[in-house]
Amino acid sequence: MTDQAIAGRRLQARDNKLSDEMFITALVAGAAIVLFLLASMLVPNFFQFQNVVNLVTNNWSVIALGVGVTFLLVSGNFDLSVGGIVALSGVMAVWFAQASDGTNPLSTGWGLPAWLAMMGALLCAVMIGALNALFVVVLRVPSIIVTLGTMMLARGIAQVVTQGSQRNTNLPSDFGALGNMTMFGTSIKLPVVLMAALILIAVFVERKTVFGRLTYLIGANPVASRLSGVDNARHVVNLYLFSSLVAGGVGILLASEFKSGFSNRGTLMEFDALVISLLGGVAIAGGFGSVIGMFFGAIVLATVTSAATGLVLSPDWQFTLKAIAVFIAIMAQTWALARRHSS
Amino acid sequence: MVQTALAEKALSIKDLTKDYPGVRAVDTVSFDIEPNTVHCLVGENGAGKSTIVKMLTGALEPTSGTMAVLGKPYQPNSTQDARNGGIGTLFQELHVVDQLTVLENLTMGMEVSRFGFLIKSDLEDRVTKTLAAIEPGIDPNARVSSLSVAQKQIVEIARAASSGANIIIMDEPTAALSEREVERLFGVIRRLRDSDVTVIYISHKLDEIFELGDNVTVMRDGKHIATKPLAQVNGRPELIEMMVGRSITHDYRPRGDIADNPVLTVKGLNSHLLKDVSFQVNAGEIIGFYGLVGAGKTEVARAIYGADKAHGQVTFKGRPRARSPKEAIASGIALVPEERRTEGLFTALTIRRNIPIMNINKLAKFGIFQDDQEKSVAKEYVSKLGIATNSVEKYAEKLSGGNQQKVVLAKCLFADADLLLLDEPTRGVDVGAKSEIYDLIRDFANTGRAVCVFSSELEEVLGLCDRIFLMYDGRVEAEIRNGATVDIPKILNIVTGGGKAGT
Amino acid sequence: MTHATAQTGVERGFGQRLKTFLKDYYIYLVLIAVVVVLSTANLDKFPLFERGNFLSERNIINILRISAPILTLAGAFTLLMISGYIDLSVGSAMSLSAVVYAMLVINGVPFVPAFAATVVVGVILGAINGFLVIRLKITPVIATLITLSLYKGIALLLVEDGVSAIKSGGGLKMPGWFNDYGRDGVLLGLPWAFWVAVLVTLAMIVVQDRMKLGKYAAATGGNPTAAELSGINTKRTVITLYILVGICAALAGIARSSFMSLGDPLSGDGMELTAILVVLLGGTAFSGGEGRVLKSFIGALIIMSLTVGMLTLVPAYFQTLVVGAALLLAAASNHLVSRKDD
């Protein structure tokens with residue numbers, strides 16, 4: 001009886017602690033801080049406020065993509081198509097906006113106003129998302145294969161439209177407005193602010209809304225969630241559409257920032273988005289992870305890569321570093337959760 | 001084949017006992033199985049048959065007692081051990097590889113090779129002969145995926161036989177078979193017996209036992225009741241009497257007259273397993289569906305709930321059959337599924353997170369979740385259902401079976417259902433929690449809402465239900481009104497297949 | 001035959017038989033169709049096809065030479081997918097092997113030891129994958145994405161900064177025999193690399209049909225529980241298959257680097273996609289259990305004919321689009337063919 005009471009109290013004590021997700025997120029955040037301090041000791045001039053800001057602002061696009069990818073991973077699905085969609089939507093936005101009287105094919109477009117061109121490009125992006133949803137949900141092809149295919153499809157269309165290079169001429173003057181607008185009198189650009197807003201909204205959706213709850217339920221136990229009245233299929237369709245919408249937005253903002261539609265833009269971005277989600281503790285089996293964790297995962301990766309650059313390591317190090325970081329993150333997560341559950 | 005009086009027993013079990021915390025599932029059971037016989041093992045659910053099978057196949061370790069195969073002590077630790085010890089098992093779940101040929105399946109794991117290369121041996125001839133001896137109709141070179149379930153079973157039997165098993169255990173092998181396939185399987189079993197294999201046959205279908213068995217062992221409440229040649233058993237009545245042995249105690253209290261006010265009408269429900277199922281459920285009524293494993297109870301529940309494909313007319317509160325669980329819940333139907341841990345519960349989530357799932361929008365305003373409300377709702381249901389926990393933040397996987405089931409029930413109650421479908425509501429639940437769950441079900445029905453209980457425990461339906469539908473082989477065979485005068489042997493007769501013969 | 005099918009009690013109408021026939025032989029029909037279309041198309045104005053004839057000797061040799069890496073890889077990759085696992089790192093493993101091989105050769109190591117050492121590298125790379133997946137229990141997709149990045153990273157690091165690949169220069173010179181293996185015709189005008197690919201494929205067919213490993217792979221992918229219950233060591237089976245894929249990736253790397261005369265750390269990029277495409281086209285189910293090495297070989301021939309053919313018909317920038325679309329089509333048709341009829 002007393003034993004039981006003690007056991008009960010111990011359980012209660014644990015129940016009052018952080019949830020597993022918050023625990024892992026805290027670990028990742030801790031790792032980010034430790035790595036930053038470590039880098040500050042090793043790399044000259046690393047320990048600066050501006051550097052912290054840069055870690056975020058230089059990576060706004062991948063962090064934004066990470067939001068959609070994280071939601072999908074939590075529901076138990078991959079999305080590797082986002083990098084291709086970034087290229088596609090950027091190229092399409094430029095193509096639609098280019099004046100229709102160019103001197104050669106690559107400078108001739110549809111002559112649409114910038115805003116309409118961008119909407120059109122967004123539509124193209126969402127169509128790729130719809131294709132993902134069709135193959136994964138209706139035809140039940142594994143998401144990894146489907147989204148590898150659509151990644152190539154999207155990038156392939158971009159390459160055809162740009163004849164393998166880029167479109168950057170004959171654009172309306174306001175095309176670059178969105179991507180280069182600075183905010184609040186600082187050097188921070190609109191895309192970074194939009195990314196921050198997206199993160200805040202995503203955290204809210206994930207923590208506070210029914211939509212967020214359903215995402216976790218589907219990932220945790222798809223059979224039980226269906227029998228509990230969740231429309232798994234529709235939800236996963238929505239997640240793919242959402243992810244492609246975000247990727248489309250990122251592609252358009254990048255195109256606007258550089259005033260060009262480049263068919264190789266966003267190469268490997270799908271990989272980086274997956275990497276930061278995994279670094280942030282999102283579990284591939286589904287039902288576990290958080291957007292905040294993904295955000296700190298991005299900070300970890302950015303710290304590591306920029307410290308490597310600061311240490312004058314060749315940029316070739318990035319692949320090896322990413323591999324090691326993801327490996328350590330996965331092993332650390334497994335180990336930490338196992339310890340937590342056995343103690 | 002001359003048998004001497006001193007022939008070794010194929011299997012002898014002595015003082016076998018298995019204790020679970022608080023329960024003695026098998027109580028000092030001793031019996032012998034003669035070689036080259038079909039030995040049937042019968043008893044109601046919970047009589048201890050499957051516990052014995054699990055000890056024989058190495059899935060469970062006996063608390064005490066011994067087993068011996070052909071006179072040699074036998075203590076398996078795994079299925080593999082059991083197989084090496086000469087005991088093969090035909091599980092209800094098939095263990096064949098669909099993509100390989102019959103022959104490849106038969107030789108799987110026994111391949112003769114040198115440096116990894118397969119070499120010619122008599123293995124293939126041997127297994128082909130074994131297969132041909134028990135079922136010549138199966139082409140050894142056919143893909144297993146092209147075979148029927150019955151033929152796949154036969155492939156598994158042949159594999160067990162050719163891997164040198166002296167004893168093959170078959171646990172409800174006919175549950176998924178058609179009548180013709182059952183006949184064919186029986187032929188196989190007889191030929192096996194004639195080729196020096198002993199078969200331990202477990203089935204609820206008493207006709208099969210009389211048709212096939214040489215000897216029978218009857219179990220009841222974990223105890224051994226009798227082992228004797230079937231020839232000496234005086235028909236189904238004697239067997240049923242041995243199985244029941246006592247008047248089943250049930251505390252059914254008639255719940256007053258229930259008005260003829262159907263909320264659920266099912267007409268001609270058909271699916272891959274169901275055949276023309278029709279019934280009505282009135283408001284305030286508790287309906288029982290009783291039948292053996294595989295009789296179609298779960299399928300009825302899932303069809304009404306929109307979880308499986310089915311044809312037929314289902315009307316609930318004037319609306320047609322739900323096409324998805326989501327629609328069913330919206331119309332006021334909630335299901336407690338058969339498999340609690342995999343289908344009903346989110347074990348990785350806390351109690352608090354589990355309870356509102358089936359009606360999650362009730363706790364949301366404009367799609368935004370009301371966290372504080374969730375906590376108070378969870379606390380309310382924890383106290384209402386008497387879920388034993390010190391915190392609503394406890395993970396569902398840490399709860400006992402009974403408390404897990406109460407959480408699943410809480411999910412359904414929170415969904416504001418007018419019709420509860422309960423599939424095996426107290427399986428794996430301890431006695432205390434069981435009666436609490438029964439009280440909850442009665443309270444629910446007393447508010448004028450309807451309940452369907454799908455159960456393979458007779459005591460459960462007799463203790464709880466106002467009307468009982470007896471199911472056998474995908475059909476509703478009979479409807480009985482519960483009361484003091486229920487004829488239990490007759491019920492057992494019907495659900496074991498005696499209804500068709502008109503006995 | 002009719003007797004047997006009647007006995008098994010399965011109804012087989014014309015549709016069913018047609019379906020079975022298509023399932024068994026469609027890959028050959030596709031190959032024939034591709035060859036016919038490419039040979040009848042008017043290709044006069046394209047320089048790659050001699051006198052516009054797809055079936056010309058030079059053209060066929062050219063296609064088969066270029067195809068050596070994927071032909072080498074397809075068989076082992078098929079066996080791995082049959083066992084229900086996947087290796088996304090094959091492209092990087094191939095790049096790394098190509099770099100290692102080129103480095104050895106440029107530093108004066110003779111052909112045989114360089115070749116053997118590179119194969120050993122392949123064994124190690126495959127074993128690392130197997131270790132991550134089986135011992136550390138990391139999901140195959142993630143584990144091999146990690147090694148995709150790792151192997152590619154190492155390959156890039158092995159090549160000096162500011163240089164794109166291992167090649168003559170900086171005081172080192174690639175020996176003249178370096179590209180004999182990948183280019184020089186030794187039999188029927190085809191180089192060693194191609195004949196090694198054929199040998200490897202034959203070996204994989206033997207593994208599939210005549211060795212325990214092949215049977216175990218199918219059993220592991222078809223029904224892991226049944227395999228374990230039959231006493232099959234599924235873990236050892238899968239690790240062995242990863243090592244086989246590693247070896248084949250190394251052979252593919254050697255073929256590619258000697259064809260291109262350099263050790264390019266990006267030469268295997270995208271190979272994992274081609275491999276998946278080829279294997280799916282060959283009818284291997286992504287759920288495991290089913291597939292034929294030979295059909296993947298044919299699938300690789302089809303894809304390479306199309307790729308080379310396409311290069312002559314449309315500009316190169318169409319390639320990504322077509323490969324992506326082909327992958328989706330192959331996945332969809334694979335799904336339709338392997339779907340259970342119920």
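Mentor: A crossing of two helices is left-handed if the near helix is turned anticlockwise from the far one by less than a right angle, and right-handed if clockwise. This is a predicted model, in which local features need pLDDT of at least 70, side-chain atom pairs count only at pLDDT 80 or more, and totals for chains, interfaces and linings use all residues. Residues are numbered from 1 along each chain as its sequence is written, and chains are lettered from A in the order in which they are written.

Trainee: What makes the crossing of helix 4 of chain A and helix 13 of chain A right-handed or left-handed?

Mentor: The crossing is right-handed, because the term is given to a near helix turned clockwise from the far one. The axes, which are lines fitted to C-alpha atoms over the stretch in contact, with angles from 0 to 180 degrees between N-to-C directions, come within 8 Å and cross at roughly 65 degrees for helix 4 (residues 60-74) and helix 13 (residues 269-279) of chain A. Helices here are DSSP runs of H or I with at least four residues, and strands are runs of E with at least two, numbered from the N terminus.

Trainee: Why are strand 16 and strand 17 of chain B called paired?

Mentor: Two strands pair if DSSP finds at least two bridges between them, and two bridges join strand 16 (residues 311-316) to strand 17 of chain B, which run antiparallel. B:Phe316 has B:Arg319 in strand 17 as its bridge partner.

Trainee: What makes strand 17 of chain B an edge strand?

Mentor: Strand 17 (319-320) of chain B pairs on one side only, within an open sheet of four strands ordered 14-13-16-17.
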